[in-house]
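Below are some friendly notes to read alongside the model, point by point.

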Amino acid sequence: MTTVFVTGANGYIGQAVCTRFQIAGHSTVGLVRGSGAAKALSARGITPLLGSLDDAHTLAEAARSADLVVDTASADHADSTRALLDALAGTGKTYIRTSGTGVYTDLAHGELNERIFTEETEHSPAEVVATRWATDRMVREAADRGIRTIVLRPSMIYGDGASEQLPLLIRQAISSGRSLYVGRGDNRWGNVYLADLAEAYLLAAEKAVAGSVYNLAAGEARMGDIARAVARGLLGVEEAESCEPHVAYAAFGQRWVDVALSSNSRVDSGKARAELGWHPQGPDLLEDLVSGSYRRLWAHKADPHDHVVSASQD
């Protein structure tokens, strides 16, 4: 039985990854920061390990004790990535890094960019994601240090009524009564269903070669259409509203708006399909927002007659 050490095991991605590896017959150890989270992991059959990304010694010991390391906790904590790689150097073990297609962000402010990225496309990242891009490169180059390193770049993840991105849009829409997009809303993001993403981690662990990187998207959608789906599914209105960047900054925060809400992140995932045999099967993102898991879990929180916080005041 293979032992898999997962950072961020109690997070959105980490929980799905642990479950998929468990179903495949592997033992999982999960890094968590508190006793409550540790109890939650234990209840799911995951061995909890108390610690944080800043605890290099704990990370190193756990990595050396495991057969496989899957890092889902943060794409932007280069020090912990370095600590894990140092611990695994020369072992031949597998390290899977979770990055994201946000590295391709173009700061488009709602305009469409026709460019679609493959893993081999020449790219100079925007400054806001330059550290993440550099960490991806560090991980890939660590294949020369005797580690089977793999970088996975999920696009916008959705499913089970949650996400790392969509709840920000949903909460703002519920609190203000306005579902927002920036400018024309023509910018597009790739997207991937959570269970399909978890499958990609297992397939990468089984099949990927050292130093490989995979963009992971099953489809893509206009941000304006995503905002409209939030409006229809959760507010019961047909249309979302365009806003200027400064309004979106006030509502969501500048970094998130620049990297995600108003940018393009369009990728080709043919490499994952061809090399890993990845065949995503999840529901369509817009359908899930309008009539699927997001409507089931969030619509009861939305009262269109009781909105007290405007977008410009968030």
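1. A word on terms before the details: a residue is called buried under 20% relative accessible area, exposed over 50%, and partly exposed in between (1.4 Å probe, protein chains only). Helices (H or I, at least four residues) and strands (E, at least two) are DSSP runs, numbered from the N terminus.

2. Please keep in mind that this is a predicted model, in which local features need pLDDT of at least 70, side-chain atom pairs count only at pLDDT 80 or more, and totals for chains, interfaces and linings use all residues. Residues are numbered from 1 along each chain as its sequence is written, and side-chain values use heavy atoms, with hydrogens and water left out.

3. On confidence, pLDDT is the predictor's confidence in each residue, from 0 to 100. The protein chain has a mean pLDDT of 94, with 96% of its residues at 70 or more. I would flag residues 304-314, where pLDDT stays under 50; for this stretch the model has 25 contacts (heavy atoms within 4.5 Å) beyond four places in sequence.

4. From the record: an unreviewed UniProt entry lists residues 4-217 as "domain: NAD-dependent epimerase/dehydratase". UniProt positions are given in the numbering used here, feature names are shortened, and annotations may be inferred rather than shown by experiment. In the model, that span is 37% helix and 22% strand, and its end C-alpha atoms lie 24 Å apart.

5. Strands count as paired if DSSP finds at least two bridges between them. β4 runs parallel to strand β1 (residues 3-7), with four bridges joining them; Leu-68 in β4 is the bridge partner of Val-4. Four bridges also link β4 with strand β5 (residues 94-98), again in the parallel sense, and there Asp-71 has Arg-97 as its bridge partner. Between β4 and β5 the chain passes through helix α4 (residues 78-88) in a right-handed β-α-β crossover. Right-handed here says that, with the strands pointing away from the viewer, the path from the first strand over the helix to the second runs clockwise.

6. Helix α3 (residues 56-65) has Thr-58, Leu-59, Ala-60, Ala-62 and Ala-63 buried. These buried residues pack against β1, β2 (27-32), β3 (47-50), β4 and α4.

7. A three-stranded open sheet has the order β7-β9-β11 and mixed pairing. β7 (156-158) and β11 (219-222) are its edges, each with a single partner strand, so one side of each has no neighbour in the sheet. β7 runs parallel to strand β9 (residues 188-193), joined by three bridges, and Tyr-158 stands opposite Tyr-193 in β9. Helix α7 (residues 194-207) packs on the sheet, touching β7 and β9, and its direction makes about 75° with that of β9. For such angles, axes are lines fitted to C-alpha atoms, for helices over the stretch in contact, and angles run from 0 to 180 degrees between N-to-C directions.

8. Why is helix α6 (residues 166-176) described as largely enclosed? Eight of its eleven residues are buried, so the rest of the structure largely encloses α6. The buried ones are Leu-166, Pro-167, Leu-169, Ile-170, Gln-172, Ala-173, Ile-174 and Ser-176. Just after α6, Gly-177 has a positive phi of about 80°.

9. Finally, Leu-180 lies in strand β8 (residues 180-182) and is buried, with a relative accessible area of 2%. C-alpha to C-alpha, Leu-180 is 9.7 Å from Glu-244, with the two 64 residues apart in sequence.
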